[in-house]
Amino acid sequence: MTGAMHIPLCRRLGPGRHVLGMLLAVLSLLCTVFAANAANPSEELFVTAGETGHYGGHLVVSLRSEPKTLNPVTSIDVSSREVIAQMTADLIHIDRESQQTVPALAKSWKVSRDGLRYTLQLRRGIRFSDGVEFDADDVIFSFKVYLDEKSNSPQRDLLTVGGKPIQVRKDGPYGVTFELSQAYASAERLFDSVAILPRHLLEKSFQEGKLGQAWTLSTPPEQIAGLGPFRLKQYVAGQRMVLERNPYYWKSDHRGNRLPYLTEVTFLFVPNEDAEVLRFEAGETDVVNRMGAENYAVLAGEQGDHGFHLHDLGPSLEYNFLVFNLNAQTPAPAKDLRQKQSWFRDVKFRQAISAAIDREAMTRIVYHGMGTPLWTHVTPANRLWLDTKVAHPARSIEHAWDLLRAAGFSRRADGTLIDRTSTPVEFTILTSASNSQRTQMATMIQQDLKDIGVRVQVVPLEFRAVLDRVFQTHDYEAAVMGLGTGDVDPNAQMNVWLSSGDDHLWNLGAAQPATVWEADIDRLMKQQLSTLKFEQRKRLYDRVQEIEAENLPLICLVSPNLLVGVRAHVGNFKPVVLDPHTLWNSDELFLIEDQRAAKP
Amino acid sequence: MRASPRLWLPALCLGTVHVVVLLAAFFAPYDYSEQDRSLPFAPPTRIHFVDAQDRFHFQPFVYRRVEHAGQFRGYEEVTETRYPIRFFFHGAAYRLGSLLSSDRHLFGVEMPARISLMGTDAYGRDVFSRLLYGGQISLFAGLLATTLSLLAGTSLGIMAGFYGTWLDAAIMRLAELFLALPWLYLLFAIRAFLPLHISPAQAFLLVIAVIGLVGWARPARLVRGVALSARERAYVRAARGFGASDLYLLRRHILPQTQGVIFTQAALLIPQYVLAEVTLSFLGLGIGEPVPSWGSMLASLQQYHVLVGCWWMFFPGLMLIPIFMSYGQLSDVLQERLQS
């Protein structure tokens, strides 16, 4: 289980060889100057397998919005988390390439037979980016912070298993034991992205109850330290954030060179994807983390002469869907909505809508073929958990008609669909105005449903207004939205599929499952959570996908392909479908020398 | 002066545009919402006289286009069959108003070929057809909003100018308030509160009401000035001395005085309001899909790939140029006449 290697200790010297001793002392003094690159023998470093690179170089990456904070405990927005991920490290890490867990700050771990106790051995002798040594006290402190209710940390929910927070105990200076109150499948994945905090810097503000205010964007760089490959150097509001190489980082390449290779990483704040692509095209940035199909196609035309490569990684983990408002609690005056909900609640109605939607055309028009039609929320990118038995029916107006007829709908002479009370069937679809792809999908649904006599109006609203209506007021009829997921494991989907989950979009805040099939999903999801064998879990999760495909609480549409771009001179670049797609191995990235020289 | 080409040329140009736009259903070969999902972002159809075998044909024709395999947004013509352009073509049925229903279009080609004079948009809808239908929204929003604005402005301006005192002060302060408010930002906020379910017709009226009512202040100030000076004219005082009622004075003496100002203002306001509607729709505050307006058609240019790759998506913007120039010319001539 360990991926770590112990570097042999320095040779012993015989007595009386003062001159040599002196020389060595001078040498060691010199060595500390270059300490950055050579491995200190007493450290237990993680040795990576990637291609050996060169030191130096400056990587520029664009970021869609400015980070709000540098505090790993309170950060929730994507940009903050992306930057923080470069400055911090976790105990056990999910390798973004293999999608399996690998040792990080914990060099090895053992799981008790009942799956309740995890015993972790920490790396010895490694240091935070300010040079202070790391040990079990930092781990204990970090978990105390995350689990403290006053911290308001989003990680607290994650680390609460079976209603009880995880118990943490110290086993000597380099050992930690975690205890769970009930068995939890692949619990080691929970540790991923739970950043270990430096006790020496944050304990004081934690005790004063001010941890939430610590490590803001205005905190001086020397007061921030972490175990990640980079540390903060400079922040210019509205423009950029510069990170510099952490000279104490705990990984080395297989030749013994301490990582990372890059001297600096700059995050450039750009307002939107188009601006991001323009900057990349102009050579101002080195990496585009994710782009839309159109921009990809535009760039693909000039790939050769502009010195960059584009990667189409195939389906991503993002799924776009149409969701109907099935909430029991709706705004008081929404009488109209109640009647519409009686259609939406009918599974045959949802199946008919799904049958009338042309997903293939959507893939072609919205994503220019760089996407995959979906029938459940598990995208083909999730090879491990995808249920291949779920049917993929093609668009069929006849089938939609049969379903609607069976559900008691009929059509007028002019083709308009009417329900039992002769009310014409029409509803609005909410989308985020800033997301042109989702607006396009909604417009295509509008046209598709016209063929079955359903009138749809598309209402693009500002993103926050959409979220507010869907999550808070429940004042909407249907919406086209998308969800992504940070991990392939079904546990990452718990909050969507449990009827009590925070992202149980179609019926939020339900005290108990509203339908039999939701109760079934609840039971299956909970069961897979406490099942430890993969095959059994897979069977349970397959069943969830089958129930989903039949009942369609989310009418899944298309998953876009993951499209990234990189300058040709970036070495060791291995984009992946898991988040963060490109900078997950930032410690191994380097600039290929001859081309770096050519770069001004 | 009366028959000067400086006056009738722009008037003729505007008249033609408005008639064509009003009869969009006849002039447009397709319906505005008709999608052809095999032809997204296709450039304008090429009209041929000479076929693949180098033979000349008197009747212009087009070829069917198919997507070029493996090439992003590349299309190639299938030169096996010619599709002649037919005039007074039987296409999709439509109704003009409530009286006339027909399926004749000015021109068209047999399916599966399509003729798109100005290319297609993201869903393969014909830009030319949408441009004509969109003009109904954009141009008439300008006209109706101007009418509304001038009605409100004239009545308030006359009241302020004619009666003066505290009424004048109140109306003018209100006018200043309206001139000072940042309307665009206010509109964004208002949109979030409005009910979601507004039909395109309601949305159209709403846009007109908003644009029209916001703009009453400027004409009101001008009309007030005219009314104020007219009130003091000798013949008005004389009429008053003979016992004329306020209503008589307004109708007989004051209102005719404001006519010139109102016409000039109209010629100035219409293009402004057309632009206002285009702006609102461009920002997504106008009429929703699939009903086109020039603003919402231009909105796709916000995407970089459209901006650099699809020049034909600029047509709705280009259409504004002759219209603005005509209105500009018209208001110049009216202004000159007013002053002479």
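Which domains does the domain assignment of chain B give, and what are their bounds?

Modeller: The model is a predicted one, in which local features need pLDDT of at least 70, side-chain atom pairs count only at pLDDT 80 or more, and totals for chains, interfaces and linings use all residues. Residues are numbered from 1 along each chain as its sequence is written, while chains are lettered from A and ligands numbered from 1 in the order in which they are written.

The assignment for chain B gives domain 1 as 45-115 and domain 2 as 130-339; such bounds come from an automatic or database domain assignment. Taken over C-alpha atoms, the centres of domain 1 and domain 2 of chain B are 40 Å apart. The C-alpha trace of chain B spans about 90 × 50 × 40 Å along its principal axes. Its secondary structure comes to 12 helices and five strands, where helices (H or I, at least four residues) and strands (E, at least two) are DSSP runs numbered from the N terminus. Of the 340 residues in chain B, 37% are buried; a residue is buried if 20 or more other C-beta atoms, placed from the backbone, lie within 10 Å of its own, exposed if 12 or fewer, and partly exposed in between. Among the contacts in chain B with a separation of 6 or more, 70% join residues 24 or more positions apart, a contact being two residues whose C-beta atoms, placed from the backbone, lie within 7 Å.

In chain B, three strands make an open, antiparallel sheet in the order β1-β2-β3. The edges are held by β1 (48-50) and β3 (75-84) of chain B, each with a single partner strand, so one side of each has no neighbour in the sheet. On average, neighbouring strands of this sheet are turned by 50° against each other, direction ignored. Strand β2 (residues 56-67) of chain B pairs with β3(B) in the antiparallel sense over six bridges; pairing requires that DSSP find at least two bridges between two strands. One partner in β3(B) is B:Tyr75, which bridges to B:Glu67.

The loop between β1 and β2 of chain B holds B:Ala52. B:Ala52 is exposed because it has 12 other C-beta atoms within 10 Å. B:Ala52 and B:Val78 are 26 residues apart in sequence, and their C-alpha atoms are 9.9 Å apart in space.

Chain A averages a pLDDT of 86, and 91% of the residues score at least 70; pLDDT is the predictor's confidence in each residue, from 0 to 100. Over residues 596-600 of chain A the pLDDT is below 50, and the model gives this stretch four contacts beyond near neighbours in sequence.

Five strands of chain A form an open sheet of mixed pairing, in the order β22-β21-β23-β17-β24. At its edges are β22 and β24 (554-556) of chain A, each pairing on one side only. From one strand to the next, the twist averages 30°. Strand β17 (residues 319-324) and strand β23 (residues 478-483) of chain A run antiparallel and are joined by six bridges; the bridge partner of A:Phe324 in β23(A) is A:Ala478. Helix α12 (residues 436-450) of chain A packs on the sheet, touching β17, β21, β22 and β23 of chain A, and its direction makes about 170° with that of β22(A). Helix α13 (residues 463-473) of chain A also packs there, touching β21, β22 and β23 of chain A, at about 130° to the direction of β21(A). These axes are lines fitted to C-alpha atoms, for helices over the stretch in contact, with angles from 0 to 180 degrees between N-to-C directions.

Strand β21 (residues 426-432) of chain A has six of its seven residues buried. β21(A) pairs in the parallel sense with strand β22 (residues 455-461) of chain A over seven bridges, and A:Thr428 stands opposite A:Gln457 in β22(A).

The largest nonpolar core has 164 residues, of which A:Val323, A:Ile429, A:Ala479 and A:Leu557 touch the most other members. Such a core is a set of buried Ala, Val, Leu, Ile, Met, Phe, Trp, Tyr and Cys residues joined through C-beta atoms within 7 Å. Not counting residues up to four places away in sequence, A:Val323 touches A:Ala478, A:Ala479, A:Met481, A:Leu505, A:Trp506 and A:Leu554. Apart from this core lies another, of 42 residues, and the view returns with it to chain B: B:Ala141, B:Val207, B:Val278 and B:Leu280 are among its members.
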